[in-house]
Amino acid sequence: MMRTSFAILAAIIPLTFTFGASVENLLPRNTTQKQDLTPAQCCDGLKRILDPSKVLLPGSPEYAAQEASYYSGEQVLQFPVCRVAPTSPEDVSSIIKFATTSNCNFAVRSGGHMNWVGSSNIGPEGFTIDLEDMKQIELLDDSKTVAISPGLTWADVYTFLRPHNLHTAGGRSSHVGVGGFLLGGGISFLSLEHGFGSDNIINYQIVLADGSIVNANEAERSDLYWALKGGSTNYGIVTRFDMATFPLDQMWGGSLYYNISLGPTLLDYLVGFTERLAVDANGLFALSIAWNAANNDYLIWSPNAYLAPTPFPSPLYDGLEEIPTVRDTMRITNLVSVTDEINMSSPGGSRTQWFALVFKADATLPWDIYQKGADIMAPFLGKEGTSWALTLQPINVGMIAAAANRGGNPFGLTEKDGDLFLLLISIFWTDPEDDGKIKATTQDFLRWSTDTAKQRNLLNRFIYLNYALDTQPVLASFGDENVRRMKAVQKKYDPKGLLKVWKGGYKLDEV
Ligand SMILES: Cc1cc2nc3c(=O)[nH]c(=O)nc-3n(C[C@H](O)[C@H](O)[C@H](O)COP(=O)(O)OP(=O)(O)OC[C@H]3O[C@@H](n4cnc5c(N)ncnc54)[C@H](O)[C@@H]3O)c2cc1C
């Protein structure tokens, strides 16, 4: 395709041009062909179709603040030619039309918490659409629904809902963004009873590849509605999520900390807890075995939440009080406080690698994976800023059934899978010199863990998008039939493949 000089393009823009001019006005009249622009020309073009103050350039404090807000220390160091901060679905529509017509590469950021480099930021080859100024939130439908814009974090959402004594199936860490969380599924404190966060979405407002702003719900575009529940960056930019609300006032929540010697006991406890979720799915007991540099040893952290003001509710928490803790912050409190506490445990800013694995609820395998991790991470752990954690949480049969009852999602889990554990390995370091070695170690660790789970006949094929490494075959793990359906939906709503210019996320084209 021919490159059009931006000087020529600029010359045809009417002198009376003001921002908000249509994208079509930026292109030569009667042109149906796409125009390839350089990234710098793309940013100049954005300034012409939007209020120029929404286009942030390197050197400005606003650009620097958005860059600094990523969770991953590597995403912080990707510098797009500009960042653009739309404030409305119409802005997003103009940006998509312009980017697809001009072959401008872009990435999209909501809360910036995805762990891998390039997932929601881009380098000099493009620009980043930062949704942070889309912060509308309102209750609809007699407060049964909350309409949430993608620039909000879960802290914003819960702070808004709290005076109404309401809750929704959002993140458990306050600074996580609404957009990425929900497009990867999203595991909430409500999930064990009500399914993934995305199973609790009633309607998506989305800007499609051609710039149209449409709704997807059970009645309208139900195929797209289904696919978006695990859709990543394949269908369009979601500009509003309408989610079901649930009553919640006070709750019991906080953290329990244990000596590492109690690992096997606690893993046994988690297996029993997961079984008891069949009786009461209002509580979450998770385990994180983490390197604690201050003590030069491992420590077990258990974030806990029960969605009623009842300490150690029976039968779900039977037996837990007898296991001795080294620290205990459990209290009757509210959701904002619990999600803030969890957020403090993982503040971000480091270089990081995460991977995810799902297997049958079993106490021995995760302990063996921890021991393997302790072994292969040992050479790195003396260095300041280097640590790692193994986090384990239940995906109970009730959660899978709840998803099916709400119309299903693309993840391919069925009740026949039984009670499962979701394992997250997260590795953190600060020295770029360690990038190569730690990334290679992560791959070895992933391979060993997967092979061991497979050999023991415990591995489930599902790979959880929100915790996965960029190299993990996340979409393929949903199963052939679901991938086929997702691709058909993509073909229907983006028949020309216009969204190929969107970088980051997990792409159906790569499956
Ligand atoms: C400290 C911490 C705690 C976490 N806790 C949980 C948890 O409790 N449960 C859980 O399930 N996960 C959790 N996660 C994982 C989290 O859900 C994912 O990292 C998720 O991608 C973060 O969403 P985000 O909007 O902040 O990320 P971003 O990096 O902004 O976005 C992630 C991806 O989604 C795309 N995207 C974002 N918004 C939109 C949109 N509106 N339309 C289209 N595409 C979009 C981006 O392009 C990117 O590819 C946690 C992560 C961290 C770092």
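Strand β20 (residues 420-429) is mostly covered, with ten of its ten residues buried (under 20% relative accessible area, 1.4 Å probe, protein chains only). The model is predicted: local features need pLDDT of at least 70, side-chain atom pairs count only at pLDDT 80 or more, and totals for chains, interfaces and linings use all residues. Residues are numbered from 1 along each chain as its sequence is written, and side-chain values use heavy atoms, without hydrogens or water.

- Strand β18 (residues 351-360) pairs with β20 in the antiparallel sense over ten bridges (pairing requires at least two DSSP bridges); Trp 354 has Ser 426 as its bridge partner.
- Strand β19 (residues 387-395) is also antiparallel to β20 and is joined to it by nine bridges, with Ile 395 opposite Leu 420.

**The ligand shell**

- Of the 33 residues around the ligand (a heavy atom within 4 Å), Val 108, Ser 110, Ser 120, Ile 187 and Tyr 464 come nearest.
- By class, the shell has 15 nonpolar, 16 polar and two charged residues.
- Helix α6 (178-183) is one of the elements that supply at least two shell residues, and α6 gives the most, with four.

**Backbone contacts to ligand oxygen**

- A polar backbone atom of Gly 112 is 2.7 Å from an oxygen atom of the ligand.
- For His 113, the distance from a backbone N or O atom to a ligand oxygen atom is 3.1 Å.

Methods:
A polar contact is a pair of N or O atoms within 3.5 Å; within protein, one must be able to donate a hydrogen and the other to accept it, and residues adjacent in sequence count only if both atoms are side-chain atoms. Ala, Val, Leu, Ile, Met, Phe, Trp, Tyr, Cys and Pro count as nonpolar, Asp, Glu, Lys and Arg as charged, and the others, Gly among them, as polar. Buried means under 20% relative accessible area, exposed over 50%, partly exposed in between (1.4 Å probe, protein chains only).
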